Amino acid sequence: MPTPAKPGPSKALLWAVLALAVLAGVWAWRHFGLGELLTLEQLKASRDGLAQGVAERPLTTAAVFFAIYVAAAALSIPGALILTLAAGAMFGLGWGLLIVSFASSLGALLAFLVARYLLRDTVQARFGKQLAPINEGVAKDGTFYLLTLRLVPVFPFFLINLLMGLTPISALRFYVVSQLGMLAGTAVYVNAGTQLAAIGSARDIVSPGLLGSFVLLGLFPLLAKAGVGWLQRRKVYARWQKPASYDRNLVVIGAGAGGLVSAYIAAAVKAKVTLIEGHKMGGDCLNYGCVPSKALIRSAKLAKQLKKAASLGVADAQGRVDFGAVMQRVHRVIKDIEPHDSVERYTGLGVEVLQGHARITSPWTVEVTLEGGRKQVLSTRSIVIATGASPFVPPIPGLKDVGCLTSDTVWGLTECPKRLVVLGGGPIGSELAQSFARLGSQVTQVEMAPRVMVREDPEVSELVAASLREDGVVLLTSHQAVRVERVDGEKRLVAKHGEREVVIPFDELLCAVGRSPRVAGFGLEELGIPLTPKKTIATDAYLQTLYPNIYAVGDVAGPYQFTHTAAHQAWYAAVNALFGRFKRFKADYSVIPWATFTDPEVARVGLSETEAREQGVAFEVTRYGIDDLDRAIADGTAHGFVKVLTVPGKDRILGVTIVGEHAGDLLAEYVLAMKHGLGLNKILGTIHTYPTLAEANKYAAGEWKRAHAPQKLLQWVAKFHAWERS
């Protein structure tokens, strides 16, 4: 189990120095009675002596006072108020304000640096995921937040110093903002010190009215931020003529998962919504992705099972594959599911569905080119872009001339390719390579990385690779495709492995190296909506683009390319678009599951072991082998594992990886647990039907419980039982 790195010598030395300083401060506080000295009464009694010291040795007294104030601020010693009053009494308003302003800011900076150097790495390593939203907020708007806290003196300044040290805000920015933010409060207290004789208690310095003024002053940065945002929006919209009224509340572009859910929600809350689709309802998932691929995988799995039928006692099983019939079934499955996403269904739900090409012509207008070339202009209060993604075809020399299949076009095959090359070792490439191998193709899978499924832990990749090879796939990892050529009528892929070139003849080449967001051709360029480095539409936490009334969801927005995340984002986009003036919601990506439907299936939620190490997150690993599970043994699927990452010493789940039969289904219990803060003890205490694959989750929780059993207590219990037997 990984553990946080031990402090280096310099950090350990600083801890020791800090501990000695604190101990010395505590000793001095008690030995010299500093607590009694730093009182209003004692300050008033000592005023004349302090003033005389300033008169006799002004520079020395100022330097000593400055050092004392810095130390008090850095060590968070109580009495800052009295010291500030003393500055006014000793040096007057001008010099007193100058001394205290810089001394307090410097002391705050020292406390900030101590917290950053000694505590930040440990805190971020342990709670990095929970602190991620705070870190992002501080990185983006830390100046506004810190200035607000500094302007309101009711917030404990020492606590602000320590907490800010744990965030990404730079030391320079922290110092400058602190210097400015504390100036107003410092001036009030220093000025009060010049009138020391008239002060009877702290209430004479800071009245409720003055505190209220500080609160209003503290709100100024946030109001300023809102004002800046308002000005920025005005600037963004400045060149566009806003309609006096709108035909619709929402226009949704794209009828894939993200677009369908956005339109559904809008119609459900009685908004007037138009859904525009330029090709097929249901988008990529229904027509080219999830649905056809799972139908193909089912047929391929049955073909494999028939080959192994003898091991289950079924003799003479016939397993001849009719590839044409397989593809007919794939298209039949699409047809059977089509009504769920059809024009008729959504029209019945109250959605206006237009089939044509959409182009955003202003932040509030969308031009639709319908069949036959007729154009219709729609005005709308908000727009949701859900245009999805398309297969990426890399610019390999010769590929365009020879031609290739993609995850969109492979479903047009009517004959099984005798020799198939699959480019790509990710989820899509691995699923299709295994399926075609099981259906009779001689498959060669080419992957540039050292292993397939590189987003998963190495042991997961090894299991998937072993299964691919068992099914006859020739797996070539660390091979880079350099060109495609046709020699004497034969198609060939030339790949480079180290310094050696490998020639791979093929009948069909399937390119499965990723998908590119569809961002061209519907007006983004004209509106100036920016893209991210990954070529997705840039959105904020609320899924808003450069124009706050235009949203983007799904593959075109990222950061994930899953059907379920597109639907998840659609809820936030639709609700924010329709009700954002009253309440907005940030898209929540804290618990995102995914699965790859190879055999064995791979399903994951949260951190993998590799990611936890890379991010410096402390964790424990609990592992349960599915080869031990009764139902898996009975089904002949006793392979794979459940791996759970938890917080050291606790049952809180950080991540789960499941490899095995129906892993995607088994994962749901952990997704629910993580979403609602349930630990492994809750899973262990839940009754699971016997015999089912779901028991694997309970047994994994049992492994964790056994590893954390209270051994000393059990020893005493054993002695108790022995005593009872005597």
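Visitor: Which residue stands opposite Lys643 in β21?

Guide: Some conventions come first. This is a predicted model, in which local features need pLDDT of at least 70 and side-chain atom pairs count only at pLDDT 80 or more, while totals for chains, interfaces and linings use all residues. Residues are numbered from 1 along each chain as its sequence is written, and side-chain values use heavy atoms, with hydrogens and water left out. Strands (E, at least two residues) and helices (H or I, at least four) are DSSP runs numbered from the N terminus; two strands pair if DSSP finds at least two bridges between them. Here, Thr657 in β21 is the residue opposite Lys643. The antiparallel strands β20 (residues 641–646) and β21 (residues 653–660) are joined by six bridges.

Visitor: In what order do the five strands form the open sheet?

Guide: The order is β17-β18-β21-β20-β19, with antiparallel pairing. At the edges are β17 (593–596) and β19 (620–625), each of which pairs on one side only.

Visitor: Which helix packs on the sheet?

Guide: Contact means heavy atoms within 4.5 Å. Angles run from 0 to 180 degrees between N-to-C directions, with axes fitted to C-alpha atoms, for helices over the stretch in contact. Helix α18 (residues 458–470) touches β18 (601–606), β19, β20 and β21, and its direction makes about 165° with that of β20.

Visitor: Is Ile537 buried or exposed?

Guide: Buried means under 20% relative accessible area, exposed over 50%, and partly exposed in between (1.4 Å probe, protein chains only). Ile537 has a relative accessible area of 1%, so Ile537 is buried. Ile537 lies in the loop between α19 (524–527) and β16 (550–552).
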